[in-house]
Amino acid sequence: MSAPAELEIAPTIGAPVARKEDKKLLQGQAQWVDNMEHPGMVFLGVVRSPYAHARIKNVNVDPALAHAGVVAAWSGADIADEWHASLPCAWIPTEDTNAPEHKPIAVDKARYVGDAVAVIAATSRGTAEDAVELVEVDYEELPCVVDAVAALSEDAPLVHDEFGTNRCYTWTLEAGEVDRLFAEAAVTVKERYRQNRLIPNAIEPRAVFVIPVPANGEFTLWSTTQVPHIARVTLSGVTGVPETKLRVIAPDVGGGFGSKLNVYAEEALALAIARRLGRAVKWTETRSEGYVSTIHGRDQIQEIELAATAEGKITAVRTRLTVGMGAYLQLVTPGIPLLGAWLYGGCYDVAGYSFECTGVFTNTVPTDAYRGAGRPEATYAIERAVDALAREIGKDPVEVRRLNFIREFPAPIASGLTIDSGDYDASLDLALEKVGYDDLRGEQRSRRAAGDSKRLGIGLSTYVEMCGLAPSAILGAIRYSAGGWEAATIRCLPAGTAQVLSGATPHGQGHETAWSQIVADRLGYEFDEVEVLHGDTAVIPLGMDTYGSRSLAVGGVALYHAADRIIEKARKIAAHILEVDETAVDYSRGVFHGPGASVTLKEVAFAAWTAHNLPEGLEPGLEATFVYDPPNFSWPSGAHVAIVEIDTETGAVELLRYIAVDDVGTVINPTIVEGQIHGGIAQGVAQALYEDAIYDDDGNLLTSNMLTYLVPSATEFPRWELYRTETPSPTNPLGVKGVGETGAIAAPAAVMNAVVDALSDDGITEITMPATPERIWRALEEVRP
Amino acid sequence: MIPAPFDYEVAESVDHAIALLADREDSKVLAGGHSLLPLLRLRVTRPSVLVDVGRLDELSYVRDAGTSIAIGALTRHHDVATAPLLQEHNPFVSYVAGLVGDPQVRHRGTIGGSLAHGDPAADLPAVLLALDGEIDIAGAAGVRTVASADFFLGVFETAVGPQEIVTEVRVPKLTAEHGWSYLKFRRRSLDWATVGVAAFARRSNGDIGEPAIALVSMGATPLRARASEAAWASGQDPGPFADEGTDPPGDTNGSAEYRKHLVKVLVRRAAEEASRH
Ligand SMILES: Cc1cc2nc3c(=O)[nH]c(=O)nc-3n(C[C@H](O)[C@H](O)[C@H](O)COP(=O)(O)OP(=O)(O)OC[C@H]3O[C@@H](n4cnc5c(N)ncnc54)[C@H](O)[C@@H]3O)c2cc1C
């Protein structure tokens with residue numbers, strides 16, 4: 001009661017506070033799964049199929065067993081009785097979806113290069129790798145198919161014989177009188193694009209480590225996962241270890257980009273083998289192994305048609321997707337393209353909407369979530385198609401965009417959802433001003449007039465995306481098996497610090513920092529007095545984990561509401577201490593003010609802990625949990641502009657400038673937001689210009705390591721020029737949207753529109769991603785007189 | 001990945017290294033390790049013993065050798081790139097050493113390793129070939145000198161025998177009359193060249209004398225582009241002839257056909273630059 005009238009606390013929401021996480025990462029004190037040890041531990045080595053499609057006639061593990069240091073070795077058949085269910089697929093989009101059985105180790109057939117066919121347990125990692133080479137597998141090679149479109153043809157080899165087709169599912173969404181709108185359209189454009197297959201490349205390879213307590217049938221499983229909570233329930237299903245006996249921990253996790261939003265064969269294997277051997281088990285992938293065993297992303301053929309008036313007002317959009325699933329369905333494989341299903345109209349006001357997506361099995365690594373998951377694909381198609389429309393009617397792409405922008409919010413869109421808020425003109429205007437659009441168009445014209453062999457290209461991408469996954473009822477309606485809620489707990493400890501339990505599980509984003517900022521701001525703690533715990537199912541029972549730019553927009557909002565609950569209870573205690581009625585107590589930032597006296601929330605927390613003098617009937621302790629289920633997605637948007645220069649002699653593209661204006665709603669920490677956008681743009685540019693997972697016709701991954709799969713580095717990029725506009729989301733009290741994926745969503749379209757813009761005077765209207773020098777050279781050769 | 005098992009010996013002198021190499025079949029020299037270790041990890045190479053010459057400091061130097069500059073085989077790319085003697089007398093070699101890989105690679109990789117490895121996609125071998133440099137190779141029978149024109153025999157195949165080591169490389173001193181250019185076309189800054197062109201000539205009164213053009217990634221070894229050199233010497237554009245006698249690989253960085261196109265553009269540009277420089 002001797003408390004000062006106001007605590008002195010820096011404004012913490014919106015401040016560019018340095019990340020709490022970084023010191024330990026920079027000083028090498030992070031806890032990585034691969035660094036963990038336990039007496040008696042064994043290492044797994046996985047024997048993988050060198051064939052894209054082969055019958056497994058015989059597996060002889062005896063030579064491996066005879067090798068010194070090998071503890072055990074199993075074929076798929078030897079270990080099959082460990083499995084109580086297939087590896088999980090949590091999103092079966094239609095009732096008639098073909099969902100194959102998926103054992104952690106193949107038994108009869110290998111279906112892609114990298115498919116696991118046997119496993120070794122050995123006393124060292126090197127020994128395990130040596131023994132992998134000794135396993136003799138007798139394969140009967142079968143014809144394979146790697147291309148999704150080819151896989152749909154009548155005579156294509158079948159990936160799964162039992163379905164009689166390679167079609168996995170077809171999913172449709174129709175709204176408005178699309179056929180009539182097309183029939184009546186003054187102008188139509190039809191485009192076909194390829195979404196290259198991408199390899200996620202998190203900096204930390206995948207690893208899993210399991211310690212069993214055989215006497216109790218208990219297991220602790222550490223995994224490089226984005227989804228420890230989902231892993232626990234699904235691994236329990238796969239292995240039959242009860243959820244109560246399985247604790248899953250995601251310690252420090254070095255990136256994921258969606259690749260660790262999955263439940264993998266090796267996690268199930270490590271758990272089952274720990275059970276069999278009663279010993280600790282570790283597995284860590286090598287980079288090349290990861291390229292053929294960790295999910296890939298994208299792999300779509302997109303056909304998009306626009307119907308428009310002569311002026312360029314778009315009336316209807318029709319989209320047809322053919323999507324490579326790979327050989328099996330991983331956790332969300334078939335649902336990924338559907339996360340973009342509502343967005344093929346972009347940020348434009350269209351009346352007619354038709355979407356159809358067909359998922360197809362091929363003899364390749366399964367695809368699944370990769371940064372943006374469905375939304376980069378949608379953004380790419382509509383943004384490229386709008387440029388095609390502008391070319392068709394001879395207008396500037398800026399003008400066509402302005403003619404079509406959605407301007408009233410909340411905005412119900414033709415595909416059936418409602419965009420929360422936005423101001424697309426504001427972002428575009430700012431981007432054009434910063435880039436100097438008119439001057440650039442002038443330079444472009446004068447270069448052309450002078451016959452300069454280096455062409456200038458300017459590309460726009462005005463995007464809107466939906467993230468913050470998601471309202472549980474909507475997820476249920478589209479047949480996703482889990483909810484979209486998130487949980488947060490705040491625990492005010494007796495001595496003036498607070499603990500946060502976050503159901504959202506970071507893997508590099510900076511939750512500890514942002515969550516601390518929110519709690520500091522709302523409850524009056526110093527930033528460093530807040531400790532954020534995450535990623536351990538024994539410590540944080542409730543969680544839906546981290547993906548789809550959902551952590552802040554769902555988990556952060558849960559935290560906000562948990563703080564409300566803390567304040568609500570603390571107010572009762574404060575009123576009791578101040579001996580006034582609750583209604584006479586004002587709260588602001590950590591202090592309860594009564595008439596003439598005040599008490600801090602920290603003092604209240606102490607009083608709640610001692611419980612010597614609490615209001616009648618109130619429970620001791622000051623702790624609150626809130627589980628938040630969002631009423632809507634959140635809808636970040638923005639305008640990105642790429643400027644490229646193309647050397648028409650060599651075909652080389654140089655990205656000269658990149659300007660991004662993003663509206664991600666309220667910003668909690670601008671430095672973290674910028675970091676997310678930096679990385680996102682880099683990955684988007686990588687898709688447009690560098691990265692491509694290439695299979696040959698026999699199903700061999702040609703880009704099988706970092707020498708041939710071209711992950712670009714900072715030296716390949718200009719300095720990103722970042723700006724923001726801000727329209728807070730009205731659906732949550734923080735006003736936050738999401739920022740984890742925007743860069744990767746917007747950038748491919750901006751860059752490719754710039755590439756095509758540079759070449760359009762030569763008569764080129766399409767270059768397949770990635771725009772390699774050779775592809776551009778060939779396109780120019782074709783049009784050269 | 002983890003290499004297959006091997007033994008490891010540290011050489012304490014050149015003679016010791018040669019003795020160690022002779023000791024066992026399938027032995028291999030380890031210098032900077034930046035070509036050898038990736039191959040070991042991919043289990044493409046499985047030597048029974050590695051003879052580490054990386055601590056032979058006596059092979060790490062850049063010295064004035066009269067008409068030439070001598071570079072010890074263990075000199076790291078970074079040291080070649082920054083050596084004052086080279087910057088003064090042969091900035092061509094320093095410049096190209098500075099384009100190899102990235103800073104980490106340049107601080108580990110050695111000029112001797114780069115030559116002995118015999119990778120047709122490597123940068124320094126082509127420069128050496130354009131400059132008519134010399135390579136000293138030490139073996140049980142002593143030291144022999146091999147001209148760069150006779151050194152490169154095939155993909156990963158050079159004049160260095162299994163029980164020999166490269167000890168020194170010599171490049172000529174250049175004068176103000178010499179013009180040079182190195183154009184390295186690559187997708188990412190740390191990549192090997194899709195195609196590289198080293199062009200070198202003596203210029204006097206606008207004429208080009210002793211032109212030399214060497215190509216990277218256009219065949220099994222670094223190649224001299226003889227037809228282009230002749231064209232350049234006679235005042236013609238050497239570009240159109242640059243693919244003559246080449247047999248480039250096709251891979252995910254570019255088809256053979258594209259490389260044959262690219263080399264023409266790069267040779268023209270390199271010759272223009274060397275003529276001006
Ligand atoms: C990421 C990366 C990027 C790279 N980029 C480029 C590039 O752009 N351009 C380029 O040219 N190179 C590049 N390199 C290769 C690099 O230059 C290597 O370091 C070099 O080619 C080999 O030198 P080293 O000292 O590392 O040799 P090591 O790897 O130690 O050995 C290579 C081979 O040469 C033999 N050897 C080595 N030294 C001797 C010797 N003194 N006598 C006899 N035999 C010997 C070894 O036995 C082995 O067979 C790159 C490497 C990496 C890892």
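**View 1. L42(B) sits in the loop between α2 (36–41) and β3 (49–52) of chain B.** Welcome to this predicted model; we start at a spot on chain B. L42(B) has a relative accessible area of 37%, so this residue counts as partly exposed. Together with M1(B) and V44(B), L42(B) makes a nonpolar surface patch of about 260 Å².

**View 2. D7(B) and R24(B) join side chains in a salt bridge.** Here the N to O distance is 2.6 Å. The partners are 17 residues apart: D7(B) belongs to strand β1 (residues 7–10), while R24(B) is in the loop between α1 (14–23) and β2 (27–30) of chain B. D7(B) is partly exposed at 38% relative accessibility, and R24(B) is partly exposed at 32%.

**View 3. Helix α12 of chain A spans residues 437–449.** From first C-alpha to last, this 13-residue helix reaches 18 Å, close to the 18 Å expected at 1.5 Å a residue. Look for its buried residues: Y437(A), L440(A), R441(A), Q444(A) and R447(A). Seen down the axis of α12(A), they fall within an arc of 125°, so they line one face of the helix. Their cover includes α10 (397–404), α11 (424–435), β18 (454–464), β26 (637–647) and α18 (742–759) of chain A. On the other side of α12(A) you will find the exposed residues D438(A), D439(A), R445(A) and A449(A). Just after the helix, G451(A) takes a positive phi of about 70°.

**View 4. W222(A) is a buried residue in strand β10 (residues 218–223) of chain A.** The relative accessible area of W222(A) is 17%. Leaving aside neighbours within four places in sequence, the contacts of W222(A) include V33(A), M36(A), F209(A), I249(A) and P251(A).

**View 5. E285(A) and R206(A) form a salt bridge, and both are buried.** Their closest N and O atoms are 3.6 Å apart.

**View 6. R375(A) meets E465(A) in a salt bridge.** The N to O distance is 3.2 Å. R375(A) lies in helix α9 (residues 375–393), and E465(A) is 90 residues away in the loop between β18 and α13 (472–477) of chain A. R375(A) is buried with a relative accessible area of 1%, and E465(A) is buried at 0%.

Notes
Residues numbered from 1 in each chain as written. Chains lettered and ligands numbered in written order. Predicted model: local features only at pLDDT ≥ 70, side-chain atom pairs only at ≥ 80, totals over all residues. Heavy atoms only, no water. Patch = residues over 30% accessible without salt bridge, like charges linked within 9 Å, V, L, I, M, F, W, Y side chains within 5 Å. Areas by Shrake-Rupley, 256 points an atom, 1.4 Å probe, with all protein chains shown as cover. Salt bridge = Lys/Arg side-chain N within 4 Å of Asp/Glu carboxyl O. Helix = DSSP H or I, 4+ residues; strand = E, 2+ residues; numbered from the N terminus. Buried < 20%, exposed > 50% of the residue type's maximum accessible area, 1.4 Å probe, protein only. Expected span 1.5 Å × (residues − 1). Arc of directions from axis to C-beta. Contact = heavy atoms within 4.5 Å.
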